[in-house]
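Subject: Structure handover

Hello,

Here is the structure, with the sequence alongside. My notes on what turned up follow below.

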Amino acid sequence: MPTTQRAARALFRTLGRVAPPAALALGAATYWRVGAPAPVRPADQAVHASARRTPLEHRPTFRGGGAPITVATYAWGDPAAPGVLLVHGWRSRASAFGRIVEDLTGAGLRVVAYDAPGHGASGGRRRTGLDDLAIIRRLSDAEHAPWAAVVGHSLGVLGAGIALHEGVGAERFAAVSGLTSVRVTTDGFVRQAGFPWALRDAFARAVQRHGLPGHPDAYERFDLVRRTVPAAVPALWLHDDGDRVNPHELSVRLHEAHADSSELFTTTGLGHNKILGDPAVRARILDHLAAPAPARRPAAR
């Protein structure tokens, strides 16, 4: 563990015991910090450079909003082809899907993606699930038809899945290294920062008050186990059993929650990010998108 991380853990552990309000305030502010945008990886430079770019004006949702920012959106492939939406994870960017973009366009599909606020080439300094929902809706409205598929990675799985639950149309959903809920992220911060576990619930409330003061329902709303993707949208969950960021068990729970229209594909030795470029994973995503549409159940009488 780096020296700075050890020092931060010691600080949070001590504050959590002797001055819980100060620990919660400092922790909540730190939780929302995105950090410097991730650069485009050399392996993804060609795909990134070949994208058609369209700026999208967006009003941030962090702490009630603010001045509009510009969100970078990207498109690849034949503009008339069926569209696939990609939603990246925390401290990542659209170009992280580089190999998948090549696969999808090679299969005759059009690909659309965006850099979330505070990420990649987009403006802003913070990202909330509400930002993802708003941007996904804007891009979906411009589509004028259901997406052929939506593909998410990590935190992007949660935003994309909830968007589908709330009515965004898609024929397929593929989720890589996904999260079950936003509460998992606050629990993870408590463990990583060294907070006393007794402050778990208080920390979750502090995070919500700090970042989304007008949305006390954020934890209930962003829960993909309880608020599932519609059964009419078959879901494929892909996860490495050695993922140290989001444990494999999260996709197991998601698969179980979507049992009527769900598949789980488990890998070994790829971790949280390398899984996006793995040939077997990419092939499985293409197979999922190409599979025949499931028979629709008759409506209940």
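Eight strands make up an open sheet of mixed pairing, ordered S1-S2-S4-S3-S5-S6-S7-S8. Strands here are DSSP runs of E of at least two residues, helices are runs of H or I of at least four, and both are numbered from the N terminus; two strands pair if DSSP finds at least two bridges between them. Strand S1 (52–58) and strand S8 (262–267) are at the edges with a single partner strand each, so one side of each has no neighbour in the sheet.

This is a predicted model: local features need pLDDT of at least 70, side-chain atom pairs count only at pLDDT 80 or more, and totals for chains, interfaces and linings use all residues. Residues are numbered from 1 along each chain as its sequence is written, and side-chain values use heavy atoms, with hydrogens and water left out.

Strands S3 (residues 83–87) and S5 run parallel and are joined by four bridges.

His153 counts as buried because its relative accessibility is 3%; buried means under 20% relative accessible area (1.4 Å probe, protein chains only). Beyond its neighbours within four places in sequence, His153 is in contact (heavy atoms within 4.5 Å) with residues including Val87, His88, Phe97, His272 and Asn273.

Regards

Technical notes. Buried means under 20% relative accessible area, exposed over 50%, partly exposed in between (1.4 Å probe, protein chains only).
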